[in-house]
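Please keep the sequence and the 3D view open as you read.

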Amino acid sequence: MKAKKIFKKITKHYLNYAVIAAVMLVFIILAYATPMKASTSLLFQKITVAVIMAVSLSLVVGFLGELSLGHAGFMSIGAYLGGKVALVLTENGNLEASNILVFIIALIVGALCAALCGFIVGFSALRLRGDYLAIVTLAFGEIVRVIFTNSSAESFGGALGLKSPSFKTKEMFILVIIGFLLILLTLFVIQNLLRSKTGRAITAIRDNEIAARATGIDVTKHKLMVFVISAAFAGIAGVLFSYANKPIKADTFDYNYSIEILVMVVLGGMGSINGSIISATLITILNDKLTVYLTGDNAVFKDLFYALILILLVIYNNAPALKGFREKYNLRALINKIRKPKNDPSEIRGDAARWDVVPTKIEMDEVLSTDIIIEKNDRGDDSANIRERGGTK
Amino acid sequence: MAKVIDGIKAFAKKHFPKKVNRITKESDFVLETENLGISFGGLKAVQNVNLKIKKNEIYGLVGPNGAGKTTVFNLLTGVYQPTEGTFFLCGEELRSLKQEKINHKGIARTFQNIRLFNNMSVVRNVMVGLHSQDEYKCTVIESVLRLPRHHKVEKAMRERAKELLDIFGLKEERNNLACNLPYGKQRKLEIARALATNPKLLLLDEPAAGMNPNETEDLMNTIKLIRDKFDMTILLIEHDLKFVSGLCDRITVLNFGTVLAEGTAQEALNDPEVVKAYIGN
């Protein structure tokens, strides 16, 4: 019985780590078994970057509840400064042999610089909220892009871009592996943060800031913390990006890229980390395919897709006419259909996870919680009680 | 340029306030206000409010609409900074502290329109209230790395939250979303959350608003229970005069931001000035 409980806990809390590790293993096996096309490993590399970006943005958008449109700005800080440090080290420091060390130093520098910028932007979040904060973050992203575009050729390469550092052998393969490891790191930090008392305070601020203050939560501290952590991971994604793309161009990190990441977070469901991971993967693949099909003048239509996805999502999630449809056909309902509940009292008792309980709304709590929210059970009546049900059986 | 510098100064003043010399004195009262007042521009919203609340007392703040009752609450919890006067909690001056600091010092409140964390479960709402207490301290790094302290603190917080919910009869609903609770229970949950911050003084802003007579009766018993069980001092705003006279040891009547009458409920409510303010001549 205890083993079962532990198993439930593992599947609930650590399933996403396991899935990502499994995908990584499949990738390694594929890469060794068959000669992998360069485009495929590049796609994998893009996905790893996108996932880190989406997960870190979902911390701000989904959990703190503030709209940030400048996430690409933090990424470009990481890419440029991390890349530059790596370049300087390899050119002047004769560190070629220990490339991985250079990469780690670049990662740390990129993350710290991005975190510093996150701290500065976070200060504006103390005074502004909603649309106004979104405009400030948007401005931040654009300022960073303009600064790097107009930098001198010696410093950051200007409009031509910065020559990026690289590993010597089997480059893309190593980068993808490192990317997967970094996703695991991101998940570890952000999920554990959200599933602690700090995470509870952050979501309390999202739900009701005035009440959070009155309940003794230091809103200033928590908002700054969220911005700093989110920016640091964007910086890490930036360093990863800088190793894979030559040269690093400031134009890559424009407004459209920030929106792309936002679409990933919204598509995955606000406040759902696993959703962000899945949607980041799907959108990156879609983007890759579209780039192949839409060439020349048609390339501009690619950006149209994000707008379309956003509009459709907003309609789908909020239209009253679709309420019944949403409740009937969602991922959770599907999972429940597959996993028919057994009438085992050990599963019903206490705070154990209940797969047969269908919340009408997919809440952030389900990712965080050690106790699950009960809104509707499989019989369809509201406010069902676990104990009662266990007692009658 | 001067404007920019002023802006920076204002920002610095707000977020890095200078140390204010606050007096600490011996006091028999839990809450003591001295000529407390605030004016918004030329409008004096509240002036010369002198409350003296003894330990274990249920104190009522009564008055017609717009009399400034909620403003007094906002002054006491740091939402507004008083422009005149000051206030002491157990002899410790709390003027110009931030909201969360005032809460840490020991003043907790509920709101006139319920403000719960709607998308969180009931038990987690209460656990947010426990967040900043010393016995549940756990740094971010400890919880990210899942060190033993994190697990210990989480377990202790959950147990304590369950205990509190049990007192309010909410234990069975602890895993429901807060927004799915019925109105009366949401009120109770808000009080439970405020109590979770371990206050010395509890401020209740119209706890019986929108309740039917049965729920009001129930709430009166709950408030008495809180006072006895937690050894709590309570200051409450209420319009229902039956509720006030049945519950409060002493009351203060406010009108247009000034004190009309003080004393026991009977004395104060029979004061000719008070009758005039409520019913007219």
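In chain B, strand E5 (residues 84–89) pairs with strand E6 (residues 92–93) in the antiparallel sense over 2 bridges. Strands here are DSSP runs of E with at least two residues, helices are runs of H or I with at least four, and both are numbered from the N terminus. Two strands count as paired if DSSP finds at least two bridges between them. B:Leu89 sits opposite B:Glu92 in E6(B). The two strands form a hairpin with 2 residues between them, and B:Cys90 in the turn has a positive phi of about 50 degrees.

E5(B) also pairs with E1(B), again antiparallel, over 5 bridges; B:Leu31 has B:Leu89 of E5(B) as its bridge partner. Strand E1 (residues 29–40) of chain B is in turn joined by 4 bridges to strand E2 (residues 43–49), and these two run antiparallel. B:Leu36 faces B:Val49 in E2(B). E1(B) and E2(B) make a hairpin with 2 residues between them, where B:Gly41 in the turn has a positive phi of about 65 degrees.

## How to read the model

This is a predicted model, in which local features need pLDDT of at least 70 and side-chain atom pairs count only at pLDDT 80 or more, while totals for chains, interfaces and linings use all residues. Residues are numbered from 1 along each chain as its sequence is written, and chains are lettered from A and ligands numbered from 1 in the order in which they are written.

## The six-stranded sheet

Chain B also has an open sheet of 6 strands in the order E7-E8-E9-E4-E10-E11, with mixed pairing. Strand E7 (107–109) and strand E11 (258–263) stand at the edges with a single partner strand each, so one side of each has no neighbour in the sheet.

Which strand is largely enclosed by the rest of the structure? That is strand E9 (residues 233–237) of chain B, because 5 of its 5 residues are buried (a residue is buried if 20 or more other C-beta atoms, placed from the backbone, lie within 10 Å of its own). B:Thr233, B:Leu235 and B:Ile237 point one way from E9(B), and B:Ile234 and B:Leu236 the other way. E9(B) runs parallel to strand E4 (residues 58–62), joined by 4 bridges, and parallel to strand E8 (residues 201–205), joined by 5 bridges. B:Leu61 has B:Ile237 as its bridge partner in E9(B), and B:Leu203 stands opposite B:Leu235.

## Two helices in chain A

In chain A, the axes of helix H11 (residues 255–268) and helix H13 (residues 301–318) come within 10 Å and cross at roughly 35 degrees. These axes are lines fitted to C-alpha atoms over the stretch in contact, with angles from 0 to 180 degrees between N-to-C directions. Among the residues making the contact are A:Ile259 and A:Val263 of H11(A) and A:Tyr306 and A:Leu310 of H13(A). Residues are in contact if their C-beta atoms, placed from the backbone, lie within 7 Å.

## Where the chains meet

The contact between the chains takes 31 residues from chain A and 37 residues from chain B. Helix H7 (171–194), helix H8 (197–207) and helix H9 (209–214) of chain A each supply at least two residues of the side that touches chain B. The largest share of that side, 7 residues, comes from H8(A).

Notes:
Two residues are in contact if their C-beta atoms, placed from the backbone, lie within 7 Å. A residue is buried if 20 or more other C-beta atoms lie within 10 Å of its own, exposed if 12 or fewer, and partly exposed in between; C-beta atoms are placed from the backbone.
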